[in-house]
Amino acid sequence: MAREGVAEAGIETGRHREAIAELLRLTAAHPLRERPHGLLMRALHRDGRSAEALELYTALRRRMVDELAMEPSSDLRDLHQRLLRGGGPAAAPPARPAPASAPGRPVPRQLPHTPRRFVGRERELVRLDSCLRTAEPLALIVGPAGVGKSALALNWAHRVADRFPDGQLFLDMRGFDNAEPMTPEEALPLLLQGLGCAPRDIPLGAGAQTALYRTLLADRRVLVVLDDVADASYVRRLLPASAGSLTLVTSRDRLSGLVTLDGAYRVSCDVLDGAAALELISGAVGAEAVAADPEAAARLVELCDRLPLALCVAGSWIGDRPGSIRAYVRDLADRGRLARLHVEGEESVAVRAALDLSYGALPDDARHAFRSLGVLPGTGRSVPAAAAAAGTDEHRLADLLRLAQRVHLLRDVEHGRPAWHDLVHEYARDRTTAEDTPEERARAVTRVLDHYLQSVVDAAATAGLYVMRNRPPAVEGSLPRKFADAEEAYAWLDAEWDDLAAAIGHAAEHGPARYVWWLVDALQDLFHHRRPLSDWMRLAGLAREVAARDGDLVGQASMCLSLGSARWRNGDLRGALAEYEEAEELARSAGWAYGEAGSLQGKGVTLKLLGELRRALPCYDRALALYRTLDNVKNVEIMLINTASLNLALGRLDEAEKAALAALDLIGDTVHHNRAMALVNLALVRQRQARYEEATAALRTCFLVSRDSGSAYTEAVALEALGRVHADAGRDERALLAYEDALAVSRRVENRNCQVDSLVGLAAVKLRAGRAEETAGHLDDAFEIAERTGHRAGLVEVLLTRADLARAQARPAEALDHLERAERLAADGTPLALPRIHLTTALTLMDPGSGPRGAGDDPLARARAAAERAAELAGESGQRLLHARAAQALAQLHEAGGDSGAAHEAGAAAAGLYAALDPRPSSDGHRPPLRHRHRELPPDAESRLTLYLTEHFDA
């Protein structure tokens, strides 16, 4: 989102305080979107408010766990850990520091190593040096294939790297590779990551990405090398705006538009002169060999057209073989003439003739291994993936590729990732087309795609992330990778990403089509944790198109699910809802029950976040039924817990009770976070039903489970729930103690929603004790946190308690204003609170001074209507204490209106309702004065449990 990109830029340029206000609005609007929360954490930290940044993380984490049963991304977790390790608050930086000096911002050093044999080019180097003196922002190196443009660019870039202290960025733009050229949409996220942006912090739109890129480069001196560019328009979109940076471009095209319209400084790179070409051959075969047969060496230079690539291939083939220069010249002359007859005027003829000789010198197995590199696009490939293509094991493949490296067909085999020039890859592709059958090539492609698919699934499983539904069995010979830990899995994905993306693109165009959506589905959580959102959206959209073209309903549904998750994480809830609805329809048409269940689950969570709880409920119910049919126990547990929570918010206590009990039956006596959460849900249902002893028993068990499972989070929410139970039961001393403990633990685990609820509970208890000043302070603190986190139920309870405070201070008009706001918030988001809102409205209208607000207004009639509505809703939902209090208020209102019969009837109903409560709280609201004194909690869980069992429960 563009607003996030602007905020990011503000943080990086020292304007973090300006960014905080905007980010507070964004996090409130998108309570489960990671990126604005991460940006707000960074901004708060830089403003010296690290504690608030840590609290923000914990609130987001808990919402994600509760709503989606997922953890935040590794980037956000890493940021959280860095803030934890940072100790005290960071000092605010100067108003506009140079972005490169921002703490924790890496300086990119992305230049590949300088070519080992680099000769000549003095004139070109002098021209490039002059562009530095004149501070040119854009320089071009242009020339034919194989002429050494990239070698020149890298040699010069390393020479002048110290002139760009803020870093050097490098991208292979694949302009003339047989893979698709790299577009700005693909390049910008890579450049932003190079500048230190975490994948989750990169905005989705290309416009926002460009703005962020240019902002991050403002006031910096960075060298940006764009190698192998084909399209001038791509360069324009990747140009920094700052005068201190330089963009260096290499291309086979002359890019005249950039020179004419953009003032680019162009350096033409042609073949080597004769002396430099001889120097290059001498370095490869030895000066003595050249001196022994200077005529043959000179002839070799001319046959290679003085092209550096052809000369290097020839030199590697010749090596130190005695007399081999003349023999090589004889063979090359024959092949060169034949090639020219077939490809008149092609600038790479000399290269191809040299490659023919090198390829012909390989044994058959090595030729097959080399040819197999041509079945998929790319400028490099890992040894395991190459071994899958060749249909052999890794060690054997590495040995064979070393033979190809010795004759300069490949490089960097020893580093585990053979690489090659694009002309060499084109040659490998031509050789496999000519020598291998279509069936053999198709099998090789399938083995490589399956290598990537199975390895991605293994990486996700090792990292504890989403594992694709219905993983297909591994293809024989695909050699999938295994990983020791999450760090190794993530490192593999980062190293293989370019090849993975190229393989997906190749499969999209040439097949097999199923691997396109299989790979995108398998990558789903890895996209979230390791790649910019734009990569996810782009490839999932491509995969959906391919599945539709192939008539694959399951593939289409899977990609709609994937896009729904991507849009949801981007904060585009309406867009996510549309994707989930389409996925649901497609999955149902395909008879894919798991996909339908996942679609309904995503749809329900999205509707809940949109405040449409009633629409969310049937989605939860249907998803739960499908997961049960599929015997997917883990998802059934999660859906039951979520269903209990949703029904509770809707005021459907009977249904919430059924779901909580069903979850507990399924989970059993295990020591697990899910069991503790189900117990909390059950206790909250019992509290609303005024079944206080049962609620207390559930929470006592919850404390034991929380202790044994190490879940301080459930410890905090259980304490807050216990405060509610004690308060409703008239045990204010214990309620105060429970709320204070809940607040302490929730601050320790940074659960901000629980902090809000605990502060509201403390405020209500202290208000009943006449401590209005403390009440107001707690409510102010709670309101500030709830507004920031988007905790709607918490905001409703703050407004309700503020209304109680206004009533206690004889300000009924202010109380009614708070109640009107609370009712608007609760109508869709938290219907459970509506009976209490209507009851408090009735009581406020009964207060002196509430008087008529306009002609014909009858406060008594309005109060009676509000009390009747409160009694009706409380009775329907099963909130027995509120029902009793509403009936009691109705009796008083009928008495005040002179209807003694109705008053007697309502009073009898209230008495019956109170009598059914056990224990029976005071019906007149009178509570004894508080004698409690605050005490600190011990740090260890065992000591805290002992304290809870002693102080919060009867023996």
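## Confidence

The chain has a mean pLDDT of 85. Of its residues, 88% reach 70 or more. One is residues 87–104, where the pLDDT is below 50. That stretch still has 37 contacts in the model beyond near neighbours in sequence. The other is residues 337–347, also with pLDDT below 50. Here the model shows 9 contacts beyond near neighbours in sequence.

Where pLDDT is low, predicted coordinates should not be read in detail.

## Nonpolar cores

The largest nonpolar core holds 101 residues. The members that touch the most others are L23, M41, W568, L646, L648, L699 and F703.

Take L646 from the 101-residue core. Setting aside residues up to four places away in sequence, L646 touches K608, L613, A616, L617 and Y620.

## Helix α19

Helix α19 spans residues 383–390. Of its 8 residues, 8 are buried, so the helix is largely enclosed by the rest of the structure. The buried residues are V383, P384, A385, A386, A387, A388, A389 and A390.

What do they pack against? G391 follows α19 and has a positive phi, near 75°.

## The α41–α42 pair

Two packed helices are described by the angle between their axes and the distance between those axes. Helix α41 covers residues 834–846, and helix α42 covers residues 859–877. They pack at an angle of about 155°, with axes 8 Å apart. The cut-off for roughly antiparallel is over 145 degrees, so α41 is roughly antiparallel to α42. The crossing of α41 past α42 is left-handed.

On the α41 side, the contact is made by L834, P835, H838, L839, T841, A842, L845 and M846. On the α42 side, P859, R862, A863, A866, A867, R869, A870, L873 and A874 take part.

## Residue H818

H818 sits in helix α40, residues 812–829. Its relative accessible area is 13%. Buried means under 20%, so H818 counts as buried.

Which residues does H818 contact, leaving aside neighbours within four places in sequence? They are L799, R802 and A803. A803 is 15 residues from H818 in sequence. In space, the two are 5.6 Å apart, C-alpha to C-alpha.

Conventions
Residues are numbered from 1 along each chain as its sequence is written. This is a predicted model: local features need pLDDT of at least 70, side-chain atom pairs count only at pLDDT 80 or more; totals for chains, interfaces and linings use all residues. Side-chain values use heavy atoms; hydrogens and water are left out. A nonpolar core is a set of buried Ala, Val, Leu, Ile, Met, Phe, Trp, Tyr and Cys residues joined through side-chain atoms within 4.5 Å. Buried means under 20% relative accessible area, exposed over 50%, partly exposed in between (1.4 Å probe, protein chains only). Contact means heavy atoms within 4.5 Å. Helices (H or I, at least four residues) and strands (E, at least two) are DSSP runs, numbered from the N terminus. pLDDT is the predictor's confidence in each residue, from 0 to 100. Axes are lines fitted to C-alpha atoms, for helices over the stretch in contact, and angles run from 0 to 180 degrees between N-to-C directions. Angles under 35 degrees count as roughly parallel, over 145 as roughly antiparallel, 65 to 115 as roughly perpendicular and the rest as oblique. A crossing is left-handed if the near helix is turned anticlockwise from the far one by less than a right angle, and right-handed if clockwise.
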